Amino acid sequence: MFQQTITVAAAADAPELVTGAFQAAFDAARDAGGARVVVPAGTYRVGSLRMYGNTELYLQAGAHIQGSSDIADYTDWDIPTTLAYVTDPEIVRIQSIPPHYTKALLTAADAQNIAIVGEPGSSFDGVDCTDPAGEEGFRGAMGIRICRCRNVTLSGYTFERSANWSHQMDSCENLLAQDVTVLGGHDGFNIHHCTNVSIKNCTLKTGDDCVAGFDAQNVTVEECLLNTACNAIRLGCINLLVKDCRFVGPGEYPHILDGKYHMHAAIKYYSPVGDVYRGDACGWRFEDCTFENPGRMFNYDFGSERGYMTERPLVDVHLVRCKVTGASMTSFFAGDAEVPGLLELKQCTIEYVPDASNAGKPFVQLGEDTELACDGVDYTCASGEPMEGARVVEASEVVAEVLKKTN
């Protein structure tokens, strides 16, 4: 596929930024109609880079691309995002989202045949670069931003200390992420408005969500480790298959905003106001997965503004041959009045160990008319809490909603 090879002509381990040498290599690849851009071993400090179509960025063993610690060295290349919610006035106000939200260390946009491949021991480093004018008053640049692209392959490298999402992908088609490791920082993979996404054999140890996004379609997550101080899966998706994955809490890295390590939820729904959707989320299937100390197993509470679950409901979720141990918080599975939702548990083992704040609450709180279908479920709870009960909205949740609207 790549007939020409271009080696980045930058001095390794130089104290100054070598952004120009990297960009010159990407520009040469573009002018040649496509090429493999090779990064030799060494550490290279850069600001924002842009790669183009029919290009592979190839990191040799020991090659480390390190982002600048100065947010002024980053740009969004004036490329508009397809994330409509980041211009919604209410969400912008609540989350302090800046106009330059999609600044990134590496950007590819409006292109096809993009590959970022690393040999073992290669990496990207976002250096936890902060931006006082960024989201929530501290988030810096995205890691790898891929916008409106087709046929994308990500493989082999590690991304550590992302200053915002490690991989921000929107409105892309045919994405493969394989053997990628994410350590610390914020989200691992964000796949908003993306179609045909495959995430395989990846290690995601994140300070925020492992896999997140909404209005995605045809997503597969296989043989991955998901370890987080937030949510493991936070999606709105048509057709989702999660297979042979291990979900592990608490997180190895803290949630940057609150400094805590516990997993919030293994599976959380995502459907925020201010964006567009192709349909109701449906066809979710988890097969042969293990969930260790997941906090809440499920967090689907349609209509929750606080949880960003207001736009399209979730039709059905199926867990087959899954094992849950150490779930410490009550779960929610409450759908729309017209689409109450189906939760199917088949040949599953569930251990519920409620913490002090969840004592007396069932393993899962079900919305009105929600269907829970169980077949061969082995449920245990030493303190005697039942497996299911009705969704009960507590006063603290109502207060939180009111405060959010008035502050």
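## Charges over rings

A charge is said to sit over a ring if NZ of Lys or CZ of Arg is within 6 Å of the ring centre and within 35 degrees of the ring normal. Arg391 gives one example, with its charged end over the ring of Phe332, 3.9 Å from the centre. Arg234 gives another: its charged end sits over the ring of Tyr270, 4.1 Å from the centre of that ring.

## About this model

This is a predicted model, in which local features need pLDDT of at least 70 and side-chain atom pairs count only at pLDDT 80 or more, while totals for chains, interfaces and linings use all residues. Residues are numbered from 1 along each chain as its sequence is written, and side-chain values use heavy atoms, with hydrogens and water left out.

## The protein as a whole

Let us begin with the overall picture. The protein has three helices and 35 strands; these are DSSP runs, numbered from the N terminus, with helices being H or I of at least four residues and strands E of at least two. Along its principal axes, the C-alpha trace spans about 65 × 45 × 35 Å. For 407 residues, a compact globule would have a radius of gyration near 22 Å, and the 21 Å of this protein agrees with that. Here the radius of gyration is taken over C-alpha atoms, and the globule rule is 2.2 Å times the number of residues to the power 0.38.

Of the 407 residues, 56% are buried. Buried means under 20% relative accessible area, exposed means over 50%, and partly exposed is in between (1.4 Å probe, protein chains only). A contact means heavy atoms within 4.5 Å. Among contacts between residues at least 6 apart in sequence, 64% join residues at least 24 apart.

## Helix 1

Helix 1 covers residues 19–31. The expected span is 1.5 Å times one less than the number of residues.

Which residues of helix 1 are buried? They are Thr19, Phe22, Gln23, Ala25, Phe26 and Ala29. Seen down the helix axis, these buried residues fall within an arc of 155 degrees, so they line one face of helix 1; the arc is that of the directions from the helix axis to the C-beta atoms. On the face turned away from the buried side are the exposed residues Gly20 and Asp31. Just after helix 1 comes Gly33, with a positive phi of about 85 degrees.

## Aromatic pairs

A pair of aromatic rings is described by the distance of the centres and the angle of the planes. Rings of Phe, Tyr and Trp (its six-membered ring) pair if their centres lie within 6.5 Å; planes under 30 degrees apart count as stacked, over 60 as edge-to-face and the rest as tilted. By this rule the count is 15 aromatic pairs. One of them is the stacked pair of Phe124 and Phe159, at 5.7 Å centre to centre with 10 degrees between the planes. Phe124 belongs to strand 9 (residues 123–125) and Phe159 to strand 12 (residues 158–160), so this pair ties together parts that are 35 residues apart in sequence. Phe124 is buried at 1% relative accessibility, and Phe159 is buried at 1% too.

Phe247 and Phe291 are also a pair: their ring centres are 4.3 Å apart and their planes at 25 degrees, so the pair is stacked. This pair links distant parts of the chain, with Phe247 in strand 22 (residues 246–248) and Phe291 in strand 25 (residues 290–292), 44 residues apart. Phe247 is buried, with a relative accessible area of 0%, and Phe291 is buried at 0%. Elsewhere, Tyr269, Trp284, Phe298, Tyr300 and Phe333 form one aromatic cluster.

## A buried strand residue

Where is Val320 found? Val320 is in strand 27 (residues 316–320), and its relative accessible area of 4% makes it buried. Leaving out residues up to four places away in sequence, Val320 touches Arg285, Phe286, Glu287, Asp288, Lys346 and Cys348. The C-alpha atoms of Val320 and Gln347 are separated by 6.0 Å, although these residues are 27 apart along the chain.

## Backbone details in the loops

The peptide bond from Gly249 to Pro250 is cis, with omega near -5 degrees. Pro250 has its place in the loop between strand 22 and strand 23 (265–269).

Trp77 is not a glycine, yet has a positive phi of about 60 degrees. Trp77 lies in the loop between strand 6 (63–67) and helix 2 (89–95) and is partly exposed, at 28% relative accessibility. Asp110, also a residue other than glycine, has a positive phi near 50 degrees; Asp110 lies in the loop between strand 7 (104–109) and strand 8 (112–118).
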